[in-house]
Amino acid sequence: MAAKPIVTASIAPEPASPLDPATLRRALGQFPTGVTIVTAAHGAQRLGMTANSFSSVSLDPPLVQWSVAKSAPSHDAFVAADAFAIHFLGEGHRDLALRFGGRNDEKFTGIPHEAGITGAPLLTELAPIFECRTWARYPGGDHTILVGEVARLVTRAHEPLLFHSGVLRGIGVALNRRAPVAGAGFVPNYLAYLLARASFVVSNEFHGRLKEWDLSVPEWRVLACLSDTDGLSVGELAAMALMKQPGLTKVLDRMVGDGLVERRGTAADRRRTPIHLTAKGRATVKPVLRAARVHEEALLEQFSEEERSVIKHALDLLIGGSEQKG
Ligand SMILES: Cc1cc2nc3c(=O)[nH]c(=O)nc-3n(C[C@H](O)[C@H](O)[C@H](O)COP(=O)(O)O)c2cc1C
């Protein structure tokens, strides 16, 4: 029997829209691209513009292309130049993309550059760079298509800058960057297990270092919480430091004895008495906070800015969601 085709969903086609330039631009903008700066020299003039129309054409001969708008002030000079250089932009180059993506006589000011083998200026802090000799020029409606033969290239791995729907952005979470810890089976895919394991990875090493400051994990938690919000009650502190009140009370008694914190006020109910850091407590926690920041930075080094905020935001959402329910 012939297998039945699987119908996953019926997608109603969008009503045909008239082909006005704005609609076309919006639709094309849905296609994500990388972002480049193209440079060229024309006589004594240095040219440079942001371009996302770059693409590869051929490996043998090695050809690439991009297209320059006829409306761009530098169009004629780019078309007349016999070479150009393509620079791929990375995640941190948003400002550069904007500087070269608008009319501006000062594009090269303060940007290290030198003439490459074709004479086109190379922005030496960027890579990859493709130095090209103009191989062909084709009419392309309101653009001119420039094809270049690659004469030399400078390579370097980088996190690319992307252009999508009019927005410059980083690549986000790379879906295939690391083999996920999770294999098949329930446990390695279970959220609670992943969180516990992540928490172990993140805290374990640092907790091992607390001896250097003569602190236990509960004492570190108390000092860190109070350095953010001084004057918490035992109940508030227990919630923030993720501890049970009876255990915390014993820790606090010890810390009061050591002169790290003090109970101020005379509330009849000891649970309401605000707890404050002493000068000694503040001095003790300062270097530990600094080391914790350095440790966090080292852990997050492998992630892009965007991945970092995705990780923290997702955890925040998860915590916020369950606290609202609870
Ligand atoms: C992300 C981005 C991509 C762009 N891509 C192109 C492109 O492929 N071709 C083009 O002609 N202009 C493109 N532009 C616009 C030019 O960079 C802009 O018109 C620039 O001012 C041209 O340089 P000029 O003013 O020195 O001629 C792009 C701009 C941005 C911000």
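Glutamine 65 has valine 147 in β10 as its bridge partner. This pair belongs to the antiparallel pairing of strand β5 (residues 63–69) with strand β10 (residues 143–154), which extends over seven bridges. The structure is a predicted model, in which local features need pLDDT of at least 70 and side-chain atom pairs count only at pLDDT 80 or more, while totals for chains, interfaces and linings use all residues. Residues are numbered from 1 along each chain as its sequence is written. Helices (H or I, at least four residues) and strands (E, at least two) are DSSP runs numbered from the N terminus, and two strands pair if DSSP finds at least two bridges between them.

Seven strands, in the order β3-β2-β6-β9-β10-β5-β4, make up an open sheet with antiparallel pairing. Its edges are formed by β3 (45–51) and β4 (55–58), each of which pairs on one side only.

Strand β5 also contributes four residues to the shell around the ligand, the largest share. Of the 18 residues around the ligand, those that come nearest are Ala51, Ser53, Ala69, Ser74 and Gly101; a residue is near a molecule if its C-beta atom, placed from the backbone, lies within 6 Å of it.

In helix α5, the buried residues are Glu219, Trp220, Val222, Leu223, Cys225 and Leu226, burial requiring 20 or more other C-beta atoms within 10 Å of the residue's own, with C-beta atoms placed from the backbone. These buried residues pack against α6 (234–240), α7 (245–257), β13 (261–263), β14 (275–277) and α8 (279–300), contact between two residues being defined by C-beta atoms, placed from the backbone, within 7 Å.

Key:
A residue is buried if 20 or more other C-beta atoms lie within 10 Å of its own, exposed if 12 or fewer, and partly exposed in between; C-beta atoms are placed from the backbone.
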